[in-house]
Amino acid sequence: MTNNSIEKFQDPGLPEHIHRKADHDEKAAKTAERQVAILFLLSAVGTVLAIGSYIFMPQDVVIFIPIMGDQNAAQLFLGLGIAMATFFLGMGAVHWAKTLMPDTEVVAERHEFRSEESDREDFVATVKEQGGSAGLGRRTLIKRSLGLAGGLAALTPIVMLRDLGPQPKKQLETTSWEAGTRLVTDPGDRPIKPSDLEVGAVAQVLPALKDGEERTLENIGKDAVLLIRLNPSEFNLDSERLSWTHDGIIAFSKICSHMGCAVALYEQQTKHLLCPCHQSTFDVTRAAKVIFGPAARPLPQLAITLDSEGYLVAKQPFTEPVGPSFWERNTK
Amino acid sequence: MSQKERIIGGVANYVDERTGAAKWLNKNLKKVFPDHWSFMLGEVALYSFIILLLSGTFLTFWFDPSQRDVIYNGSYMPLQHVQMSAAYASTLHISFDVRGGLLMRQIHHWAALLFMAAIIAHLLRVFFTGAFRKPREANWLIGVGLVTLGIVEGFLGYSLPDDLLSGTGIRIAEAILQAIPVVGSYIAFFAFGGAFPGHVFIPRIYTVHVLLLPGAFLALITIHLMLVWYQKHTQYPGPGRTEKNVVGYPLMPVYMAKAGGFFGIVFGVTAFLGAVASINPIWLYGPYTPGQISAGSQPDFYMGWLDGLVRMSPPIETHAFGHTISWNILIPGLIVPGILFTGMALYPFIESYISGDKREHHLLDRPRNVPNRTALGVMSLTFIMVVLINGGNDLIATHFHMSINQIMWMSRIGVFILPPLSFVITKRICLSLQRADRDLVLHGRETGRLVMLPHGEFVEVHEPISAEKAWTLTSHEQPKAIPHVSEDANGVAKPKSLVNKLRSRMSTANAEQRPAATATEAKELEGGHH
């Protein structure tokens, strides 16, 4: 049997329309009409509920709803009212359309979008003729200077965005920490003595403010430091990094070296620091070496020591930029 | 003429004498729209957009888009006398001291989630049924633009309250900007008006969120709908439906009532959610400060896949010649999403190139009849699901007492293995479903009635299916593969032979089909013995 003689199934055409009960039974139509009216009335009740609870419901009543928990009654009933008003208005309209409006399927013709061949030719001719009369193709000087002018004009809006902000300069590389800056509690701004921290404890600290200085979020975003106290024997550090600690107390930038979130989760058992944003995990005993997750660099360590009064201070500024990487960053 | 008819006539006359619109209106009020539940998905997106405009406008009346420091002094006791930005304080004011304010905030947020969910569902419907094919490629591109803008708009929106959770999201966005090679730190400093967080990003993203992007949405949605109108809606195949017609109901009155009513239903559902289901309770998070964070920080779902990608990225950075490139941010944050969205945008053109099909299509495909496309779609979905799950790995770990490291490694491996696997499985399922269709047409449907034959054998009686059903199951096109021709008739090697070879291979894979049943086969079976 050749391919040609294979007979395909034929399109039987639109199936016969099946009439709804309401189409021929006046009683059913009346019922449908009543149903639509009931839906619309429910919507009206919703509006009354909404406006009523807006005006009369006290704002401080809290009611308990199973699963949802405590809810502010005024917000709840206002919302339920609006929900009823709109939902049943919609249901009424849809029910009306489905039961009483004509449901005979209508067939409309579709036409290919491609124009008649003659129209297409005329169009091309017009473009050639009209466009050609401008002479853009011939007058290359105009074409090139137009391109130059147009391209340059588009530069202005870009250049004018320049004053959106200052240049970064060294701001990404520096923090407020200097040699001798005291570590103070956050919140509270109290200087800290080693005896304030028990072994296993962790504290968030900031650099003490100089006179007349105010704490800004920009500074906190770079200066936040975590102070952790371990048993000195638990450290696994080279001699330089060990000298940056004091009696088991070690300090790291709290700003994640991955994307700048606050590395706030400390696991006392394993001595791991975990960033809640992307789960980068740092080993405190090994100078915050990355042991898991997307961070590529350890958290910068802050060298600390004691000042003459016995308070913890920074021995030196951070030796590398804190926070996420950037193009100009020049240290591994 | 009744009173009513006179009034309608008068209005119609007034309008027509000034616009000449009678002919156009008459034609368009009778415009036919095909009916199918899946055509409502785009409608849901449209209606939630309108809800967003309405509820958003309400919120702007009280929201103060400023990072000015204020001391909170409203009726929410736990944050009394706490220093915070005016943006956060005014959001608290809306939530606790404006009647219906919390409700509107929650409606706005729920509508945003519904908007994105509906867009994605609509996009999947359009993809799997092939509705993006000629002549609708432009509308596909607009759709890809809308989903991209939707992600940005949603992110900016939930960042406006300046609470601890949203500030953390902004911090991550800043890190992505900062990671762009060469110009990154400049872009970040320009965007934030200096060092992070600065005092300008809330007012800036406010303008983008309430003016720039909604304007772009309005323009794109208008073009999107005008094209749907002008090109007429696609329809599913079936008896009486062809490439040359549209079968459905007229705009007036049926679609006006149904669409208008459906808007009410969508609004009602959103309002119900806003009334009973708490969302983004910013008063629990506290004001933003870069030194703090809450555990289980999660973006909204349409950002979750990006977050999951970032989480699973290996820790790679390049340090060379005094510069740093953060591949651990660039790859998951910019490169992979860029490839995904570009691929999505170009798909209609790629498919048309591979199949060589340049014709108009108004009849939709049943997904099983286009196994390769369906498999590709499921493969992409699988990829997104794996990374989305990884975006919630911390919550999964705490809720199900699992090891976060294991979940992360499972996703890292899964993201490479599961998508291709799901491609193969989906393709096989599609081909099996084609075979099942063929069986159904040739052997009829199983009736569940068992009959004992004289010699003791039991058989199940099959009943032939209707002519309508047989047509629906067999009317689809069965494309042929484009053969690979490496040389022309004179034996001269064709240029770009490799490209041609690739195209022909992909076209062969694309054309893999089980043959649809034909009437001839059915007759032969009838004549013979079962």
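Modeller: Glu116(A), Asp119(A), Glu121(A) and Asp122(A) form a negative surface patch. This is a predicted model, where local features need pLDDT of at least 70, side-chain atom pairs count only at pLDDT 80 or more, and totals for chains, interfaces and linings use all residues. Residues are numbered from 1 along each chain as its sequence is written, chains are lettered from A and ligands numbered from 1 in the order written, and side-chain values use heavy atoms, leaving out hydrogens and water.

Biologist: What counts as a patch?

Modeller: Patch residues have over 30% relative accessible area and no salt bridge, with like charges joined within 9 Å and nonpolar side chains (Val, Leu, Ile, Met, Phe, Trp, Tyr) within 5 Å. A salt bridge is a side-chain nitrogen of Lys or Arg within 4 Å of a carboxyl oxygen of Asp or Glu.

Biologist: Where is Glu121(A) found?

Modeller: Glu121(A) lies in helix H4 of chain A, residues 117–134. Helices (H or I, at least four residues) and strands (E, at least two) are DSSP runs, numbered from the N terminus.

Biologist: Is Glu121(A) buried or exposed?

Modeller: Exposed, as Glu121(A) has a relative accessible area of 51%. Buried means under 20%, exposed over 50%, and partly exposed in between, with a 1.4 Å probe and protein chains only.

Biologist: New topic. How many disulfides are there over all chains?

Modeller: The whole structure has 1 disulfide. The link joins Cys261(A) to Cys277(A), with 2.2 Å from S to S. The cut-off for a disulfide is a pair of cysteine sulfur atoms within 2.5 Å.

Biologist: Which parts of the chain does the pair link?

Modeller: Distant ones, 16 residues apart. Cys261(A) sits in the loop between strands E7 (249–253) and E8 (265–267) of chain A, and Cys277(A) in the loop between strands E9 (272–274) and E10 (281–283). The link of Cys261(A) and Cys277(A) is left-handed, with -90° about the S-S bond. Cys261(A) is buried at 3% relative accessible area, and Cys277(A) is buried at 3% too.

Conventions. Areas by Shrake-Rupley, 256 points an atom, 1.4 Å probe, with all protein chains shown as cover. Lys, Arg positive; Asp, Glu negative; His and termini not counted. Charge placed at Lys NZ, Arg CZ, Asp CG, Glu CD.
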